[in-house]
Every structure is written in C-alpha cells, then in structure tokens.
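Hello,

Here is the structure we talked about. Please open it beside this email and follow along.

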Amino acid sequence: MLHPTALTKPKARAQPSQDPIAVLGAGAWGTALALLASSKGIPVYLWARRAEHAQAMQEERQNQEYLPGALFPEHLHPTADAEEALARAQFAVVAVPSRGLRETLQGLPKAPAYVSAVKGLLFAENHLLRISQVIQEATRVDRLAALSGPNLAEEVARFLPAAAVAASRDPALAQQVQQVFSGPSFRVYTTHDLVGVELGGALKNVIALAAGMVDGLGLGDNAKAALITRGLREIIRFGIAQGAQEATFMGLSGLGDLIATAHSPLSRNRSAGEQLVRGRTLDHLEAQKSVVEGIYTVKALHAWDQATGADLPITEAVYRVVYLGADPLEELSRLMGREAKPE
Ligand SMILES: NC(=O)C1=CN([C@@H]2O[C@H](COP(=O)(O)OP(=O)(O)OC[C@H]3O[C@@H](n4cnc5c(N)ncnc54)[C@H](O)[C@@H]3O)[C@@H](O)[C@H]2O)C=CC1
Ligand SMILES: O=C(CO)COP(=O)(O)O
C-alpha cells in the first residue's frame, strides 16, 4: 500500500524504444530498484538465484521474503533464468551482497555494462577492491557505473521521495542510468567520480555501525553528531588517498547516506551496532537473513590498515568492538583521549 505522502506513482506507459534492464539479486534493494524502473514502463528482469524464490515472486507479484507489500507492475519480470534476464539487457544492475558477488557473476552470462548497487569493499591478495573492480575482474566488462545515495529500500519501494547519484567514467552510461531510474519520486544526479561514490556508500556503513553503538549505549545526539562529522572526515581522508574527490563525500553518496543510515530505524547497519552493544553476537548478525555490509567492510578496511598504515581511528575502534569483543566505552575513551589538534 502506498504511503499517504507518497509522490504520485507514474502511470505505467509502455516505452518500446527503451531496452530492458536486468537486476541481479532479488533482495530488498534489487527489488526496490526494479520497482522504480518497471513502474515507468521499462521492462525489468529481476534475477533471483533460487528458482523457488523467483516462482513465488511470479505468483504473488511481490517479494514477500525481502520487501513484502510492494506490488509488482506488469513490466517487472522475476526470473531465475539468467539467460532470459540478460538476453537483451542494456545493462545489469548488481544488487547481490559483496560476499559471493564474484562467484555469482562468474557463473552468469555477461551484460554489455554493469551498474553496482552494492555498498561494500573486498580485501584480497593485499588489495582493497571496490565493487566495480570486482565486477570488472569477474566479467572483463569495462563499462561500469555505481548508483548510490540515501536510499533505504523500504522507503524507495513506497515511492517516498529520494535522490541518488549515478557515477561512471563513461558519461553516456551515467546518463543511461539516470534516465532509467529518474522519476517523480526518485531524482538521479550524475558524476564521473566513481571512486568517491563507491567509497562513500561502503564506508558510511562502518560509521552507521558506530552510530548504532552510540544509540545502544544511550550516549545522546551530541555524541552522534560528533561521530558522523568526524566519521565523514575519516571517509574523506581515506577517499582522497584512494583518488576520490572531496566534494563527492559532501554529496548524496557521502554526507547524505551517512545522515540517513546513521539515524534510520530501517538501517540494518545502524541497528546491528545497537544490537552488538546490547549483547548480540557477531555470529547472530552474520546469520541474519538480510545482509549487514558494514561488518565485512570494517574487516576489509582493517586488513588494509594493517597492510598500509592508513589512519582510520573510528574504523579501527569499530573493528575492535565487532571482531575482538572490545568494550565500546573503552574504545570511546581512547578516541576522546587522542592527541589534541585543530579541526
Ligand atoms: N536495503 C537497502 O536499503 C539498500 C541496500 N544497498 C546495498 O545493496 C546490496 C544488497 O542489499 P539488499 O538487497 O538490501 O540485501 P538483502 O539481504 O535484502 O538481499 C540480498 C539478496 O542477495 C541474495 N544473496 C545473498 N547471498 C548471496 C550470494 N552469496 N550469492 C548470490 N546471491 C546472494 C539473497 O538471496 C537476496 O536475494 C548490499 O550491498 C547493500 O549494502 C544499497 C542501498 C540500499
Ligand atoms: O544503504 C542503505 C541506505 O542508503 C541501507 O542501509 P542498511 O544496509 O544499513 O540497511
């Protein structure tokens, strides 16, 4: 059911000139993106790895498992047949969690271009890999983009207003993505800063874990504002060292996503942080049905920090709480007691 304040959903109009897209991964976010494009009349093939999941979505015309209640428009075609999904796709949106992504892509037919909707990072063979790099390695396709921003899937699927940024070094691809997903409830900007957009989306999950810890410990709004601000500074410092542009992190995929994720009760990363300080175990969080990407991103960043000596104090504190069982209040005093310096 539509939220009373939802913007007018566009009437499904057939646009035969628009080629289909494939969405790989029928979780909450893949499904929300599929809804956005298909509600504009663009044929969307939503690929699920499990045949029974695809079949259930075909019969129920919704994704009961990951996004219940959002009914599928006629142009949304759930399928477990990757050949069918990718046959005529102008591009494939990748919405599979970072773990298992490489193996998943290696087993599928190729698309002419890929758009990462994944907010994660991998560390392998002493290298930190952004998701577009993992996609490139797995598919050998060079036309790559990322779509990122403050986009909680449940809100996007209810056609509540939201905005995102489509990043690609190929301006035509960024515009293609912009055109496919733009609509009355979803405004898409473009940028060429693929590195910045991917890093902003991935690293904010670590700060969201910390924000959840602040909530769980009842440390207050001043503490959370300080964490978000200093967390953003940490993201910017790291991002610039990786070749990103500072301005990108002040945009939707940096500050914007941090605000949404660090505050929203819908964010799985924020609530994972809250649950951890209230005694939930890492095993429990990993066993949950829905992915908590920050848990893996913080591990990858820690490995990178160990290998290179990057300066990531908040990230390291989160790592120690999540993986070493450190006391979050001790980690906080360690952060508060760091050497005094100018802002
Ligand atoms: N949920 C959200 O609000 C948003 C999520 N994202 C990002 O999108 C990505 C996907 O997230 P969600 O759709 O929310 O996750 P989800 O947990 O709702 O669904 C994950 C989907 O991937 C499948 N899957 C799980 N492990 C797999 C594997 N090893 N190989 C192939 N498929 C696998 C699951 O069956 C499920 O269909 C994540 O990187 C997340 O950070 C980005 C923006 C918003
Ligand atoms: O990336 C998101 C919102 O932009 C979703 O955050 P969670 O994965 O924490 O739910």
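Helix 1 (residues 28-38) is the biggest contributor to the shell around ligand 1, giving 3 residues. Bear in mind that this is a predicted model. The shell counts 26 residues, and those that come nearest are Gly27, Trp29, Gly100, Lys119 and Ala153. Sorted by class, 13 residues of this shell are nonpolar, 9 are polar and 4 are charged. Domain 1 (21-192) and domain 2 (198-336) each supply at least three residues to the shell around ligand 1.

Now move to ligand 2. Its shell includes Lys119, Pro150, Asn151, Leu152 and Ala208. Asp257, Ala260, Thr261, Ser267, Arg268, Asn269 and Glu293 are also in the shell around ligand 2. Two elements give two or more residues to this shell: helix 11 (252-263) and helix 12 (268-277). Helix 11 gives the most, with 3 residues. By class, the shell around ligand 2 has 4 nonpolar, 4 polar and 4 charged residues. Here, too, domain 1 (21-192) and domain 2 (198-336) each give at least three residues. Look for Lys119 in both places: Lys119 is among the residues that come nearest to ligand 1, and Lys119 is also around ligand 2.

**The two domains**

The protein is split into domain 1 (21-192) and domain 2 (198-336). Their centres, taken over C-alpha atoms, are 24 Å apart. Where they touch, domain 1 puts in 26 residues and domain 2 puts in 27 residues. Which elements of domain 1 give two or more residues to the side that touches domain 2? They are strand 6 (121-124), strand 7 (127-130), helix 5, strand 8, strand 9 and strand 10. That side of domain 1 has 14 nonpolar, 8 polar and 4 charged residues.

UniProt also has something to say, in an unreviewed entry. There, residues 21-173 are annotated as "domain: Glycerol-3-phosphate dehydrogenase NAD-dependent N-terminal". This span is 32% helix and 25% strand, and its end C-alpha atoms lie 13 Å apart. For residues 193-330, the UniProt listing (unreviewed entry) reads "domain: Glycerol-3-phosphate dehydrogenase NAD-dependent C-terminal". That stretch is 78% helix and 0% strand. The end C-alpha atoms of residues 193-330 are 37 Å apart.

What is the order of its strands? The order is 3-2-1-4-5-8-9-10, and the pairing is mixed. Strand 3 (76-79) and strand 10 (186-191) are the edge strands, and each pairs on one side only. On average, neighbouring strands of this sheet are turned by 25° against each other, direction ignored.

Take one pair as an example. Strand 1 (residues 21-24) and strand 2 (residues 44-47) pair in the parallel sense over 4 bridges. Leucine 24 stands opposite tryptophan 47 in strand 2.

Then look at what packs on the sheet. Helix 5 (residues 131-139) does, touching strand 4 (92-94), strand 5 (114-116) and strand 8 (144-148). The direction of helix 5 makes about 150° with that of strand 5. Helix 8 (residues 194-217) lies across strand 5, strand 8, strand 9 (162-168) and strand 10. Helix 8 runs at about 40° to strand 8.

Best wishes

Methods. Residues numbered from 1 in each chain as written. Chains lettered and ligands numbered in written order. Predicted model: local features only at pLDDT ≥ 70, side-chain atom pairs only at ≥ 80, totals over all residues. Near = placed C-beta within 6 Å. Nonpolar A, V, L, I, M, F, W, Y, C, P; charged D, E, K, R; others polar. Domains from an automatic or database assignment. UniProt positions renumbered as here; feature names shortened; annotations may be inferred. Pairing = 2+ DSSP bridges. Axes fitted to C-alpha atoms, helices over the stretch in contact; angles between N-to-C directions. Contact = placed C-beta atoms within 7 Å.
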